[in-house]
Amino acid sequence: MLKVLKIVGAAGCLMLSVAFAFQEEPEPENDPRKIDVVVIDAGHGGHDIGTRGRVARESRTTLKIAQALGRKIKAEMPEVKVLYTRTSDVFVDLADRSAFANRNKADLFVSIHCNYAPGSSRVHGTETYVMGLHKTEGNLEVAKRENSVILQEANYKQKYKGFDPDSPLAHIMLANYQSAFLTSSLRYADHVEHQFQTITQRASRGVKQAGFLVLWRTTMPSVLVETGFLSNPTEEAYLNSDRGQDEVAESLYAAFKQYKREMERY
């Protein structure tokens, strides 16, 4: 009888460990006081061009901004390790982007995107997202658009455990993740939007929450930045220009500098 109980107990422990492994909850930050590894993610890429304006393609614009941001960090903070999820116009699965950040023990993950407003050429401004519940239908639509990228990935149903990018309920369920890093993510997001207003002199649409697959499994503070609307001709021209890309990158860098200083103070 005792032998049977031991076997049952061992089996129960094994099932519990498997269950926790399956949930893949974020692990605690290695050392939140030290910010020395940053992963910069240029949204979309390759056959996935993302949104587009009359001339600009999101995948190319985000890559230029990402590389400009990386150069600024390297030049001013040589002690910080800067890594990119892609350095050319190639397609990278969303799951591989977060896995890359986790594998390299990043202290911050910044995913750079361009926005789009269907049926309107007047909507403008920047938005920075963290993982969380959708407060408005607009937030949900942004998340659904960004997450629909997985439809271009092989075996996406198995990779994302049956996630349906068209289901509002599926997106709400994603809000259970990243909760361990929400405060730090919000801190950097706030700095980003403030610097956009200060440096680029453009309208900020604020810090928002929504369920993004690219942020889902990252085990560090993470944000998704919508740098402007390619559906707006004025913003498209700005984001497609050297000046615009440099100013956006400078804003992200200034926000990072402030965030790093604050986090390492504690």
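**Exercise 1.** Which residues in helix 3 (residues 94–103) are buried?

*Solution.* The model is predicted, so local features need pLDDT of at least 70, side-chain atom pairs count only at pLDDT 80 or more, and totals for chains, interfaces and linings use all residues. Residues are numbered from 1 along each chain as its sequence is written, and side-chain values use heavy atoms, with hydrogens and water left out. Helices are DSSP runs (H or I, at least four residues), numbered from the N terminus. Buried means under 20% relative accessible area, with a 1.4 Å probe and protein chains only. In helix 3, the buried residues are Leu94, Ala95, Arg97, Ser98, Phe100 and Ala101. Just after helix 3, Lys105 takes a positive phi of about 50°.

**Exercise 2.** Describe the aromatic pair of Tyr188 and Tyr259.

*Solution.* The structure holds two aromatic pairs, where rings of Phe, Tyr and Trp (its six-membered ring) pair if their centres lie within 6.5 Å, and planes over 60 degrees apart count as edge-to-face. One of them joins Tyr129 and Phe212, edge-to-face at 5.1 Å centre to centre, with 70° between the planes. Tyr129 lies in strand 4 (residues 126–131), whereas Phe212 lies in the loop between strand 5 (204–210) and helix 8 (213–216), 83 residues apart; strands are DSSP runs of E, at least two residues. Tyr188 and Tyr259 also form an edge-to-face pair, at 5.6 Å centre to centre and with 70° between the planes. Because Tyr188 lies in helix 7 (residues 182–200) and Tyr259 in helix 10, this pair ties together parts that are 71 residues apart in sequence. Tyr188 is buried, with a relative accessible area of 1%, and Tyr259 is buried at 0%.

Technical notes:
Buried means under 20% relative accessible area, exposed over 50%, partly exposed in between (1.4 Å probe, protein chains only). Rings of Phe, Tyr and Trp (its six-membered ring) pair if their centres lie within 6.5 Å; planes under 30 degrees apart count as stacked, over 60 as edge-to-face and the rest as tilted.
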